[in-house]
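Please take a moment with the sequence and the model below, and then follow the paragraphs that come after them.

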Protein chains: 2
Amino acid sequence: MSTTIAQVARYAGVSPSTVSYVLTGNRPISEATRTRVEAAIRDLKYRPHAGARSLRSSRTNVIGLVVPFHRPHDVSALPFIGAIAAASYAKGFNVLLLTADRGAAEIDRVVRSAMVDSLIVLQINLHDDRMEVLTDLDRPVALIGIPDDTHGLPCIDFDFHGAAALCVAHLADLGHRSVAYLGQPQLMYDRGTAYVQRALEGAREAAERHDMSWSTQPCEATRAATDRAIRDALVRQPDLTSVMVFNEPALPHVLESLASSGKRIPEDISVVSIANEAALTGTRPAVSGVSIPAEELGTAAAEMVLSAPAGPSPDTEPVLLPPIFVRRDSDMPLGS
Amino acid sequence: MSTTIAQVARYAGVSPSTVSYVLTGNRPISEATRTRVEAAIRDLKYRPHAGARSLRSSRTNVIGLVVPFHRPHDVSALPFIGAIAAASYAKGFNVLLLTADRGAAEIDRVVRSAMVDSLIVLQINLHDDRMEVLTDLDRPVALIGIPDDTHGLPCIDFDFHGAAALCVAHLADLGHRSVAYLGQPQLMYDRGTAYVQRALEGAREAAERHDMSWSTQPCEATRAATDRAIRDALVRQPDLTSVMVFNEPALPHVLESLASSGKRIPEDISVVSIANEAALTGTRPAVSGVSIPAEELGTAAAEMVLSAPAGPSPDTEPVLLPPIFVRRDSDMPLGS
DNA sequence: CTGAAAGCGCTTACAG
DNA sequence: CTGAAAGCGCTTACAG
């Protein structure tokens, strides 16, 4: 089959243990033998057998990544996965893909069979039924998303609550007295996904704080749905002057729905949004708001799990990446 | 640490080999001992150590999945990944994520270190520089995408060539004499991604076959880019009556660009497209065309690799999933 | 600075 | 139908 340490040792004229110590770096080696061993490794294209290594050292150098593959697919997951994979590979770790569909049992199975050293869980619910398994795991874990009770596990997320509040506060600063919040599909709320709820809360609190008239509704990412949502919002808030959208694939449809309701953007209605930067800048007008630093978040999560201790620890504080509001062409001061 | 076979054997009062044979099913076992052993496994929450198992059996039950995480992210990859993961898990296989960025070296490394039994490669180029490594691998491989020369490796893809031809032929059947093809960003062409090229060829050939006036250009998924693309197309083909779009995230923008050029859909311009079904049905008007069966393709690829023999074999024919044209509200007969 | 040896947890011929 | 034993390829005390 494949080359083994024994073969490399024979080829280099040294003992197997010497080869192993060259690989691990756990022992001083003379320059001459190191060179000979390294040449043998190259010549024979030797690669350590991952299974043997994990059996002996009980380390796999594999991170388990739990990804939500729900339908409709949440396309915003892809940059996270890419960033986590890139960051992991850069540090010499591989990524095993787990699907969230199978819940806690899947996590338990993979960890108990010693396939992964640690875990990153990608979409956390406020009340997440995987928390118990994750705390009992005795492996480093990083959660992307903040549950109601972190149980002392390391969590990281973009500050969706703050981002939404920032968007609404910006509208208030421009003099707007009313805002309609168009959110995610009902399904996402039903699942209890943490960031979806936190964004809604952040927006609602900011609207209350600024004494704005407020309405909200879930929304599918189709033109028919945004038409309905905008029409309903205009019925509920006849004097509506601003819309906040937290639904990336629906964003272009929302702009169209407003336009075909006879609302000019930004002259009649100001629009702000939370989405990936490309989605905000790809429309016309380009949409003001906060972009989600998916790459940064994924990279940070990978680094976090690689330095995290196993198991919960009581003083672990959730990490929140701060939102930055960028003004573009979809908003203007009221009545200007 | 974790429970071992020896512990299960002691608990159940049988020999370790008996426990192992219960697990593998490679030996007849009396009903009584099987029951006792299974109870012990449950009580002790035993899971076989994956590394030990792979060391001994040289099988890992892991499929390596090579995914293109290019920027801008190709969001259409997500349903493929999801379907492959689901199908693999359903058959008792786990999925190790590899990034295409590191090319052939990454594949070689992971296979040589015995981390995977087999490989699925997600986005194949016409001239793919990974073919040599893949043929030398001596592991089952399935390519999603068809290279110019398959080297006898099993390939599967949606028939993008046929799908594009079907779309254009439909326009011709409606009496259209001209078509503008809006494709993927230039980057995708530069990479030589097979399906992107094949769709373009299929459309071009069909246009020639039906004697239609024809133009094509790459297109970014922004409103500014679709505006430019539509304007250019109307300059090159002043009597343009139909547009074919193969760029899912650009589709809503294209409809808007046409509208703001004063073109009604479908009265002035018929539009057809290849995209995921949700993208075709989410717009207004809903777009006629061919939807990409991502789930079906991913599932088929997973099944393919699990039944494929190792290495190339000369009589392996590429598998193409057939396109189906569905008429919606974006097209009509010319001059009706 | 180097080597011989034990043992990680499995699977499977071999023997009964 | 069942058990005792070898060995997969590594890492690391132990001995020199």
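Of the atoms of DNA strand D within 4 Å of the protein, what percentage belong to sugar or phosphate? The share is 51%, and the rest belong to bases. This is a predicted model, in which local features need pLDDT of at least 70 and side-chain atom pairs count only at pLDDT 80 or more, while totals for chains, interfaces and linings use all residues. Residues are numbered from 1 along each chain as its sequence is written, chains are lettered from A in the order in which they are written, and side-chain values use heavy atoms, with hydrogens and water left out.

Tyr21(A), by contrast, places a polar side-chain atom 2.9 Å from a base nitrogen of DNA strand D. Two or more residues of this surface come from each of helix 2 (16-24) and helix 4 (50-57) of chain A and helix 2 (16-24) and helix 4 (50-57) of chain B, where helices are DSSP runs (H or I) of at least four residues, numbered from the N terminus.

Elsewhere in the description, the residues in contact (heavy atoms within 4.5 Å) between two helices of chain B include Arg223(B) and Asp227(B) in helix 11 and His253(B) and Glu256(B) in helix 12.

Terms used
A residue is near a molecule or strand if one of its heavy atoms lies within 4 Å of it. A polar contact is a pair of N or O atoms within 3.5 Å; within protein, one must be able to donate a hydrogen and the other to accept it, and residues adjacent in sequence count only if both atoms are side-chain atoms.
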